[in-house]
Amino acid sequence: MDHHAGLRELLRGIEVFAGDDLPTFDPADTPAAPEELFVTWLRGALAAGVREPHAMTLSTVDAEGHPDARVLILKNLENTDAGGWQFAVHAGSPKGREPAAHPRAALTFYWPPLARQGRVRGPVAARPAQQAAADFLARSPQARAEALLGTQSRPLGDLAERDRRTAESLARVERHQDLVAPEWTLYELRAERVEFWQGDAGRRHTRLAYLRAADGWRRQLLWP
Ligand SMILES: Cc1cc2nc3c(=O)[nH]c(=O)nc-3n(C[C@H](O)[C@H](O)[C@H](O)COP(=O)(O)O)c2cc1C
């Protein structure tokens, strides 16, 4: 039985990459390092008014090899040979445990008004604890209170419990400004591959991959 009458037609009728104002992307005019192009695209998304342009889908694999994905915020991007794409998590949440069990991940950015996607993949490692602590202390009191509870992704009885425990935790943070959740972890993904995809209303999409090589980055056009 069709419980969602007309859904197929609704989906089929939604226009993709509509409009004549999408940016152009010339892969011949790109920097040698993908981080530089990424920051240009991120700034472009910010200027275009994209909500949370620094939000990305973090894909990980659990200990049984099952894929998992969720959206979170990019914390920093270190443009050094050893450095990379940083995100912070509570070690007790699935997105904290999974990179510990299987230290590889993928990041996906999507900036809808620009029809642009960014994809990054590679191994993940934790940064030193004092960097995680510095990241933690730079968070807002509300965000620190949430993380100090350490309950993320666990079953919740009702919303009143959420509000009560968060308020208690916030009061504790306000009394002890230097509290750091010891499970707070700053992970860094060292990119092996970074891909840029520019959508086009006429379906002449452009796709450029940066592949890490021994002496830097190799650029490769791909069929979109
Ligand atoms: C735009 C957006 C940004 C988010 N940013 C974060 C974030 O920075 N940190 C975080 O823990 N969860 C963030 N979330 C919630 C996560 O997507 C996710 O629900 C949560 O982290 C639990 O994931 P897990 O159970 O896989 O560990 C964000 C969600 C959205 C929609």
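Leu11 is located in helix α1 (residues 7–13); helices (H or I, at least four residues) and strands (E, at least two) are DSSP runs numbered from the N terminus. The model is a predicted one, in which local features require pLDDT of at least 70 and side-chain atom pairs are counted only at pLDDT 80 or more, whereas totals for chains, interfaces and linings use all residues. Residue numbering starts from 1 along each chain as its sequence is written.

Leu11 counts as exposed because it has 9 C-beta neighbours inside 10 Å. By this criterion a residue is buried if 20 or more other C-beta atoms, placed from the backbone, lie within 10 Å of its own, exposed if 12 or fewer do, and partly exposed in between.

Helix α2 (residues 34–47) has 14 residues and should span 20 Å at 1.5 Å a residue, which agrees with the 20 Å between its end C-alpha atoms; the expected span is 1.5 Å times one less than the number of residues. Pro34, Glu35, Leu37, Phe38, Trp41 and Ala45 are the buried residues of α2. They cover an arc of only 160 degrees around the axis, which places them on the same side of α2; the arc is that of the directions from the helix axis to the C-beta atoms. On the other side of α2, the exposed residues are Glu36, Arg43 and Ala47. The cover over the buried residues of α2 includes β5 (104–111), β6 (116–126) and β9 (206–213), contact being defined by C-beta atoms, placed from the backbone, within 7 Å. Gly49, with a positive phi near 80 degrees, follows α2.

In helix α5 (residues 141–149), the buried residues are Arg144, Ala145, Glu146, Ala147 and Leu148. These pack against β4 (85–90), α4 (129–137), α6 (159–175) and β7 (184–189).

The shell around the ligand (C-beta atoms, placed from the backbone, within 6 Å) includes Glu52, Asp68, Arg70, Lys95 and Gln152. Strand β2 (67–73) and helix α3 (94–101) each supply at least two residues of this shell, and the largest share, five residues, comes from β2.

Trp85 is among the residues that touch the most other members of the largest nonpolar core, which has 33 residues; such a core is a set of buried Ala, Val, Leu, Ile, Met, Phe, Trp, Tyr and Cys residues joined through C-beta atoms within 7 Å. Beyond neighbours within four places in sequence, the contacts of Trp85 include Leu74, Leu107, Val120 and Leu189.

Definitions and conventions:
Contact = placed C-beta atoms within 7 Å.
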